[in-house]
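Hi everyone, thanks for coming along.

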Amino acid sequence: MNHAMTTQQLTALLPLILATLTTVVVMLTIAFKRQHRLIAAMTMVGLNLALLSLGPVLLAANGQPIELTPLLIVDGYAIFYMGLLLVTALGVLTLCHAYFEGYAGNREELYLLLAMATLGALVMACSRHFASFFIGLELLSIPLYAMVAYPVRDSRALEGGMKYLVLSGTASAFMLFGIALLYAETGALGFAEIAGKLAAGRPGILLAGAAMILSGVAFKLSAVPFHLWTSDVYEASPAPVSAFLATVSKAAMFVVVYRLFVNVGLFRHPLALQALTWVAVASMVVGNLLALRQDNVKRILAYSSIAQFGYLLVALVASGGRATEAAGIFLLTYIVTALGVFGVMTLVSSPMKDRDVEHIEQLRGLFWKRPYLSSIMTTMLLSLAGIPLTAGFVGKFYLISVGVDTKQWLLMGAVVAGSAIGLYYYLRVMIMMFQPIPVRERVSEPLNWVQHSGGAMLMAAMALVLVIGVYPEPFLNLIRASTLALR
Amino acid sequence: MTNSIILVWLLFLPFLGGWLSWQVERYSRTLPRWIALITMLTVLGISLWLWFTGDYTLSTPSTTPQWALEYKAEWIPSFGISFHLGLDGLSLLLVILTNLLGVMAIGCSWREIDRYVGFFHLNLMWNLAGVVGVFLALDMFLFFFFWEMMLVPMYFLIALWGHSMPGGKSRVYAATKFFIFTQFSGLIMLLAILALVFLHHQGTGVWSFGYMDLLSTAQGLDPKIAWWLMLGFFIAFAVKMPIVPFHTWLPDAHGMAPTAGSVDLAGILLKTAAYGLLRFGIPFFPQASHDFAPVAMSFAVLGILYGAVVAFSQTDIKRLIAYTSISHMGFVVLGIYAGTTEALQGVVIQMIAHGLSAGALFILCGEIYERLHTRDLTKMGGLWARFPYLPPIMLFFSAASLGLPGLGNFVGEFLILAGSFKVAPLFAILSASGLILAAVYSLILVQKAFHGKPREDGYGAHLQDLSKRELAMMGLLMALLLGMGLYPQPVLNTSATAMKTVELQYQSAAATAVLSVPAR
């Protein structure tokens, strides 16, 4: 292969280059001038440029995948998910800005970490090689440890950060071991090359490798039985960081794993699929059941995200064909919804105080005080529960249709049961906001200026949830067009 | 047809009205009520106009249903989903019932609801709109969409404006239970719908959620698959109806719901299940339904008797009426699965008459509660002497509920029993004993509440009687029940074609069942 880059390839690299530049520029600026608003704005501009650069990438690609070294590939799938991840990261960024305004320590480094983690997510979206997969993963995870523990004087956050560091490190080690096993048998690290050389390897060792990789993946997606860290870490993190964990971090992992599943037949081995099916069933059931007894909204949302990814695993089990679209639409709806829910939790806790607003009782009567914020939260909770008129219904509908199509009756039973159980706690949180409060104060509290961008972002998320819920056709077409490569 | 857009208005106006009444809440407390009332009167007017001007008696009923009005627009073409509405005699009658009871529900909450008035009417009207959507949808996705959409407003109605039992379970508990029961069963139906769509795709290569497309696929299915899919639909409708082992959400929901919520629930929401069976359950799977009929009819008889017996032992007046609903809906199930024209026509009358009488009874319970602040029968007694109007009106509706000849319910129950006696004499005989039990529970209600010695409960010897508004509402409902009891023919004519179609579909299945025996 010729190692000189063509213009086309350079263009395809633009989003990654711009995201990298953002981190460098932000880091240097912090060294010269500490100012919260400036740094947030710079990060926002940088990530927006990366997002805009997807336009030229689309033009350069012209419907064909662009291969960048054996490590990366920029195809429609990658472009779609890079866009989604960047938009999500920008959403989290607006939340961070509102939230960390109240933080007493240095606020600026958070944006550096956020930009780096986003870069890692972008790399994962384009990766087609275990090396780039792993680099992307670590680039995403390592800043996250620091983000979770960002309020360093808060022992709870520190504990959460440590917990995430240790467990995530273990999961990464498992994954590396698995990759090594595959490499030992096939002598390749690229997804396509491995797929070509599977026949030569010993099936036992290959399967062991796949299992170890899958357990690492399951950890990141917080699938049962690798979910134990989730609720603690979500609870301990600052609210916008929980939002990042629940959206960007999980989605990036799913995107690359889905590519792995479609490309490498090893992962569709009946044994692997069976294991995955049980992991999915367990995630739906256990995630939903554990959420029932929680009083902490962040923990409820953590368990809810375990269950939601259980639903998403249906697409992974079915991988290929319509499942690609189903995964796309479900991820899209989940991300928008999760961003909305965590966004509301962030804004009610903003600016940051000693402890976030997170006990369910603290939401009592919120609707009569802050009607817009609670309307958003209500919409998002209904969307998570999968009620029509919201995006969540479309996502779940598509997933169930794939499950029925591929006759995954066990999984479908779990989806139905999980959804019914899940209703209980979604409704519980929702109705709490509508409970009458003694003092009849009906005026909405004025949003102060720091919250404006966050509020606007949430309004946009709610609008998107409703639009997807009522008229999903354009989104379905977009996803179908961009994921052709992996059908 | 050129004026088919009117169907969209039927659906859209309540949404709009509800949203408006929410928005104007900040200016006035009474404005939302007026907006809601005017909107519902308008849609009621539209639906009545459709009845008077349209022709619902098609000359030759066949096994394929025909629509008097149809509206279709593309929605999600990549999945073959369209915004497809259709109206025939059955759906028209139920839409009129919905809008009429909607007006009643707004009327009866005029004084009862004083918190968050605008938001209350938003929920009430969106719920009504969802129900109308269920009655009009001819696309399975759209149907499911409305089926689920009517839950959320109902949930809010119970959870926010309901009455918690002192020392008992909370209204949020009841609302959540209602939601989970219906959602769970609804998702099972969604699986069945999707399976049907995929089978249609396998057979024809076309994605479609259209009613007519799926009808042809469903009727030609492998019996084993049809059986499972039929069960999927049946469970959803059985929970909503409710049929006895799945009924436990209903008394709780009624016990806690505000009056308007109960009117809505008993009068309209339960009918969506019967409508679902008539429109989808039976026509899609006539053969499987025919095989399943004995089981369904046993459930029906169980429901009739169980509902009646349990109603008798209730002390909470609203729970009592809730259990009578279970008993009455048992007759509906019996009639549907009997499948003869008489029985099916009886089902239509019974649905409407029960909607009116149960609605009225719940409104009266609300009035009693407003005055006595209790719904406990043991704390009532002697009320007859304390009001001039309320007790005789209540007696009238109790008599309707027990099936007194001359009132609508009698016609319905009589037709159902007569129609099902031909095909299932045993079930008909057993069900008929429900009529006796109905007399027992209805009279015990009247006796305990109104007769005996007046009580000293601190509300004075004379309670404030029904206002003109309430008297007008009751008068209208009484006139309608009387009209249906004495001259049901206009209603029967309207639904005749639709019911004949269902009967033909059902009979064709029965015929093939008989024919297939010697072939084996």
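Let me start with a question: which side chain does B:Asp88 meet in a salt bridge? The partner is B:Arg279, at 2.7 Å from N to O. Before going on, please keep in mind that this is a predicted model.

Now, where do those two residues sit? B:Asp88 is in the loop between strand 2 (81–87) and helix 3 (89–112) of chain B, while B:Arg279 belongs to helix 11 of chain B, so the pair ties together parts that are 191 residues apart in sequence. Both B:Asp88 and B:Arg279 are buried.

Staying in helix 11 of chain B, which spans residues 259–284, we come to B:Lys271. This lysine is buried too, yet it has no salt bridge. How far away is the nearest side chain of opposite charge? That side chain is B:Asp264, and it is 10 Å away. As for what B:Lys271 does touch, leaving aside residues up to four places away in sequence, the list includes B:Leu94, B:Leu97, B:Phe135, B:Met329, B:Met351 and B:His354.

Across all chains, a search of the whole structure finds 24 salt bridges. One of them is in chain A, where the side chains of A:Glu185 and A:Arg202 meet at 2.7 Å, N to O. A:Glu185 is in helix 7 (residues 155–186) of chain A and A:Arg202 is in the loop between helix 8 (191–196) and helix 9 (203–220), so this bridge ties together parts that are 17 residues apart in sequence. Are these two residues buried or exposed? A:Glu185 is buried, because its relative accessible area is 14%, whereas A:Arg202 counts as exposed at 52%.

Another salt bridge, in chain B, has B:Arg371 and B:Glu367 at 3.1 Å, N to O. These residues are four apart in helix 14 (residues 341–372) of chain B, so about one helical turn separates them. B:Arg371 is buried, and B:Glu367 is as well. Then there is a network in chain A: salt bridges with shared partners join A:Arg156, A:Lys163, A:Asp232, A:Glu235, A:Lys298, A:Arg299 and A:Glu358.

On to helix packing. In chain B, the axes of helix 16 (residues 408–423) and helix 18 (residues 468–486) come within 6 Å and cross at roughly 40°. With that angle, helix 16 of chain B is oblique to helix 18 of chain B. Which residues meet there? From helix 16 of chain B we have B:Gly408, B:Asn409 and B:Val411, and from helix 18 of chain B, B:Leu481, B:Met484 and B:Gly485. By class, this contact has three nonpolar residues, three polar ones and no charged ones.

Finally, the backbone. Where are the cis peptide bonds I picked out? One runs from A:Val224 to A:Pro225, with omega near 5°, and one from B:Met241 to B:Pro242, with omega near -10°. A:Pro225 lies in the loop between helix 9 and helix 10 (228–236) of chain A, and B:Pro242 in the loop between helix 9 (223–240) and helix 10 (249–256) of chain B.

I also have two positive phi values to show. A:Asn62 has phi near 50° and is in the loop between helix 3 (54–61) and strand 1 (66–68) of chain A; with a relative accessible area of 62%, A:Asn62 is exposed. B:His373 has phi near 55° and is in the loop between helix 14 and helix 15 (390–401) of chain B. At 48% relative accessible area, B:His373 is partly exposed.

Terms used:
Residues are numbered from 1 along each chain as its sequence is written. Chains are lettered from A and ligands numbered from 1 in the order in which they are written. This is a predicted model: local features need pLDDT of at least 70, side-chain atom pairs count only at pLDDT 80 or more; totals for chains, interfaces and linings use all residues. Side-chain values use heavy atoms; hydrogens and water are left out. Buried means under 20% relative accessible area, exposed over 50%, partly exposed in between (1.4 Å probe, protein chains only). Lys and Arg count as positive and Asp and Glu as negative; His and the chain ends are not counted. A salt bridge is a side-chain nitrogen of Lys or Arg within 4 Å of a carboxyl oxygen of Asp or Glu. Contact means heavy atoms within 4.5 Å. Axes are lines fitted to C-alpha atoms, for helices over the stretch in contact, and angles run from 0 to 180 degrees between N-to-C directions. Angles under 35 degrees count as roughly parallel, over 145 as roughly antiparallel, 65 to 115 as roughly perpendicular and the rest as oblique. Ala, Val, Leu, Ile, Met, Phe, Trp, Tyr, Cys and Pro count as nonpolar, Asp, Glu, Lys and Arg as charged, and the others, Gly among them, as polar.
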